[in-house]
Amino acid sequence: MSIVSGKNILLGISAGIAAYKTASLVRAFIKAGAHVKVVMTPASKDFVTPLTLSTLSKNPVHSSFYNEDDENAEWNNHVELGLWADYLIVAPATANTLSKMAHGTCDNLLLATYLSAKCPVYFAPAMDLDMYKHPSTLHTFEKLKSYGNIMIPATSGELASGLVGEGRLAEPEDILAFMEADILGKLPLQGKTILLTAGPTYEAIDPVRFIGNHSSGKMGFEIAKAAANLGAKVILITGPTHQKVSHSLIETIAVISAQDMYEAAHRFFENVDVAILSAAVADYKPKEVASSKIKKEDTTLTLELEKTKDILASLGAIKKQQLLVGFALETNNELEYAKGKLKKKNLDLIVLNSLNDKGAGFKTDTNKVTIIDNKGNMTAYELKSKTEVAKDLVGVIIQKLNA
Ligand code: CTP
């Protein structure tokens, strides 16, 4: 999954011959999972049709503050468009539009939207080679960059004039790749690796039966997504679950038993920056696993169970640089037990959820947690969706990593 998946990208098109490439650019953004809206300068409609772009982007395309031909026309709100966008990209950005952007000129909808946008702004210039290296153009680039705008440089090659040189609009896939790399590079967990356990474990009784639990894996998968969305590489070790995730930064390792999970966690632990153990690991497993299906014979059946290895405690015993985060699901004396586990297992953070709280725990979409650190700091959160809880936890982890 691309880092722009689910993000709102506003594409501003100005009037250059390279505008024909914006059809492919919109497609590339859509294929990457982004939501796309397009705003055009009036003159750019001579180079590519709004119909093409609205069809590809699946959104109406705007080029003026209102439609002059329609007496019931609605006002196209540039502020709303600017606020909608997670990213604004002006491509192709002509010398004229760039100069106006640099000076705050605001004589069309694209420029008004640019001035209203609060999000990161990229601009991909396209013009003839002499225009591209003219001192005033170079001055414009510098001015725009000094405002925090990000330039996606033009490339060299044959230009519309027939001349060969610098000034070609970057190819659509290169514009997308540039934006992805830029966004990733600025994310707070960029360069960090996180090991995560999630879901239940199944402990075999015989070839057809097992001891399991009701964990859905939802919480763990949400944490994986929240961390990956902030740039972390996530190694997600998951027990059997119906959860699915597809993200370029998440590597999923499927395991079944507590022993499998233990081995997988130890295989990766040494080189990670953070380990978050959210799995509901079985505490006990059958001492003997029957090699063939156990037949019902007597009125009772006794299984002898033995303790599984405590993965969290075993990592706590060997941890060095790693920030170690555990979970505690309690029904009584919650804080006391959670603090006890934090200390005993040598954790940096523990996430406590109480089964006494309605909407918390297994199989729900919500959770209510208290996060406690090894210095005794404690934050109790409201009942929230597991997506939001995951974001809160990842936020606390970022603070800890930067402390
Ligand atoms: N955990 C683990 N390996 C186990 C058991 C638990 O890694 N074999 C981890 C869980 O992923 C969770 C934390 O330990 O992060 C839960 O702690 P634990 O002491 O197991 O809690 P409970 O199972 O609730 O313990 P108790 O039954 O003693 O309350």
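A residue counts as buried under 20% relative accessible area, as exposed over 50% and as partly exposed in between, calculated with a 1.4 Å probe on protein chains only. The structure is a predicted model, in which local features need pLDDT of at least 70 and side-chain atom pairs count only at pLDDT 80 or more, while totals for chains, interfaces and linings use all residues. Residues are numbered from 1 along each chain as its sequence is written, and side-chain values use heavy atoms, with hydrogens and water left out.

**Two residues in their surroundings**

Helices (H or I, at least four residues) and strands (E, at least two) are DSSP runs numbered from the N terminus. Contact means heavy atoms within 4.5 Å. The contacts in the table leave aside neighbours within four places in sequence.

| Residue | Relative accessibility | Contacts |
|---|---|---|
| Phe65 | 22%, partly exposed | Glu74, Trp75, Asn76, His78, Asn108, Leu109 and Ala112 |

Phe65 belongs to the loop between strand E3 (61-62) and helix H3 (78-84). The C-alpha atom of Phe65 is separated by 7.1 Å from that of Asn77, which is twelve residues apart along the chain. Thr22, by contrast, is part of helix H1.

**Nonpolar cores**

A nonpolar core is a set of buried Ala, Val, Leu, Ile, Met, Phe, Trp, Tyr and Cys residues joined through side-chain atoms within 4.5 Å. The largest such core comprises 34 residues, and Phe29, Val38, Ile89, Ile175 and Met179 have the most contacts inside it. Two or more residues of this core come from each of strand E1 (8-13), helix H1 (22-31), strand E2 (35-40), strand E4 (87-93), strand E5 (121-125) and helix H8 (172-185). Apart from neighbours within four places in sequence, Met179 is in contact with Ile9, Phe29, Tyr87, Ile89, Tyr122 and Ile152. A second, separate core has 33 residues, including Ala227, Ala228, Phe327 and Val351.

**Packing of H4 and H5**

The axes of helix H4 (residues 95-103) and helix H5 (residues 109-116) come within 10 Å and cross at roughly 40 degrees. Axes are lines fitted to C-alpha atoms, for helices over the stretch in contact, and angles run from 0 to 180 degrees between N-to-C directions. H4 and H5 are therefore oblique to each other, given that angles under 35 degrees count as roughly parallel, over 145 as roughly antiparallel, 65 to 115 as roughly perpendicular and the rest as oblique. Thr97, Lys100 and Met101 of H4 meet Leu110, Leu111 and Tyr114 of H5.
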